[in-house]
Amino acid sequence: MSFQILGTGSALPACKKTNEDLSQLVDTSDEWIVTRTGIRERPILTTEMVTDIAVEAARNALENSGLTPADLDYIVCPTLGGDYLTPSLACVVQKELGASCPAVDVNGACSGFLYALDVADGIFARKKARHVLVLAAERLSRILDWSDRSTCVLFGDASAAVVLGEGDALRFLEVGAKGNLCLASPLIINNCPYTAADTRKPGLLMKNREVYTFAVGAICDGLKKAEEATGIPMEETDYFFLHQANLRIIETARKKLGLPEEKFPVNIHKYGNTSSASIPLLLDEWNRSGRLKKGQKLVFCAFGAGLTTGTAAIEWTK
Ligand code: ACO
């Protein structure tokens with residue numbers, strides 16, 4: 001017995017920045033960003049804290065699942081980091097919700113949602129919980145180097161969640177990691193007098209081409225593994241919810257696999273890459289717009305810094 005998805009929710013910062021806005025900051029253009037990535041605008045935290053949107057997303061997901069904070073037995077937050085190094089985002093949200101269950105953050109970068117589902121799978125398998133909130137929340141805008149045009153145009157801030165309940169909707173789940181610094185964000189807050197000076201530049205560093213090639217391969221491998229493990233041919237999967245990092249990555253992988261466009265929901269044009277929040281954000285959009293039907297077969301697949309990967313196959317039971 002593992003889990004099923006009982007509800008979804010999301011929340012966004014109020015401020016959106018268009019490609020045109022960013023071209024006032026760095027030497028870029030709407031045309032370059034749209035043709036290379038598919039991104040047109042992205043939400044950016046300005047007056048809010050990431051905790052604020054996380055709490056809102058959690059409340060929306062609870063409402064959608066018909067549960068209250070008192071029903072939660074565990075909170076797992078995939079995130080690159082909340083408003084504090086400690087307490088964890090999960091603990092801060094637990095307090096704001098008025099829940100009393102265990103709460104922990106998981107950092108799997110853009111694959112974080114899949115890593116958090118894996119953690120939740122273990123919690124259900126050990127019969128430690130009846131309901132688990134998996135709440136992704138990211139504030140990429142706070143770790144980007146806003147003078148680096150090759151990375152600052154790619155990301156957005158968002159929060160999105162699923163509420164999981166006991167069930168047997170999960171058909172396959174696999175996460176992986178390949179230690180490699182082609183995507184890294186150094187944490188430079190050290191003023192310890194005994195430590196040698198850290199000369200690394202702050203901000204997200206990315207070897208774009210290497211990550212691009214890795215991402216396309218990770219999607220193709222992940223989807224093939226899910227097909228083999230479940231025995232469900234890709235043609236019979238209703239939707240592939242892929243990490244929204246770049247429209248060209250999704251399109252290249254889709255064409256390699258010979259699958260039709262309508263099986264690949266996308267919303268990257270509105271949000272950019274929101275890291276671990278991207279898959280649950282897309283799922284919430286599809287759920288709330290009534291496009292998900294009971295019995296549909298879904299596959300989630302993500303890749304990110306680490307380098308990390310994750311794929312899950314699940315039946316929609318709501
Ligand atoms: N505007 C204009 N020109 C730009 C910009 C920009 N914003 N950014 C880069 N360029 C220039 C470069 O300087 C380069 O110019 P040069 O040829 O004169 O040197 C040229 O455009 C080509 O740059 P590339 O980086 O080679 O562009 P590419 O076609 O590879 O596209 C992109 C870049 C969109 C970033 C792509 O490589 C990509 O999507 N990579 C993967 C991103 C990703 O998936 N990240 C994973 C998750 S992140 C996480 O886990 C936190």
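**Around strand β4**

Student: Which residue in β6 is the bridge partner of valine 76?
Tutor: Valine 134 is that partner in β6. Strands here are DSSP runs of E, at least two residues long, and helices are H or I runs of at least four, all numbered from the N terminus.

Student: What sort of model is this?
Tutor: A predicted one, where local features need pLDDT of at least 70 and side-chain atom pairs 80 or more, while totals for chains, interfaces and linings use all residues. Residues are numbered from 1 along each chain as its sequence is written, and side-chain values use heavy atoms, without hydrogens or water.

Student: How many bridges join β4 to β6, and how many to β5?
Tutor: Three go to β6 (residues 131-138) and four to β5 (residues 103-106), with the strands parallel in each case. DSSP needs at least two bridges to call two strands paired. In β5, alanine 103 stands opposite isoleucine 75.

Student: Why is β4 largely enclosed?
Tutor: Because four of the five residues in β4 (74-78) are buried, meaning under 20% relative accessible area with a 1.4 Å probe, protein chains only; exposed is over 50%, partly exposed in between.

Student: What about α4?
Tutor: Helix α4 (residues 89-97) forms a right-handed β-α-β unit with β4 and β5: with the strands pointing away from the viewer, the path from the first strand over the helix to the second runs clockwise. Its buried residues include Leu89, Val93 and Leu97. Among the elements covering them, by contact (heavy atoms within 4.5 Å), are α3 (50-65) and β6.

Student: New topic: is aspartate 168 buried or exposed?
Tutor: Exposed, because its relative accessibility is 59%. Aspartate 168 sits in the loop between β7 (158-167) and β8 (170-180).
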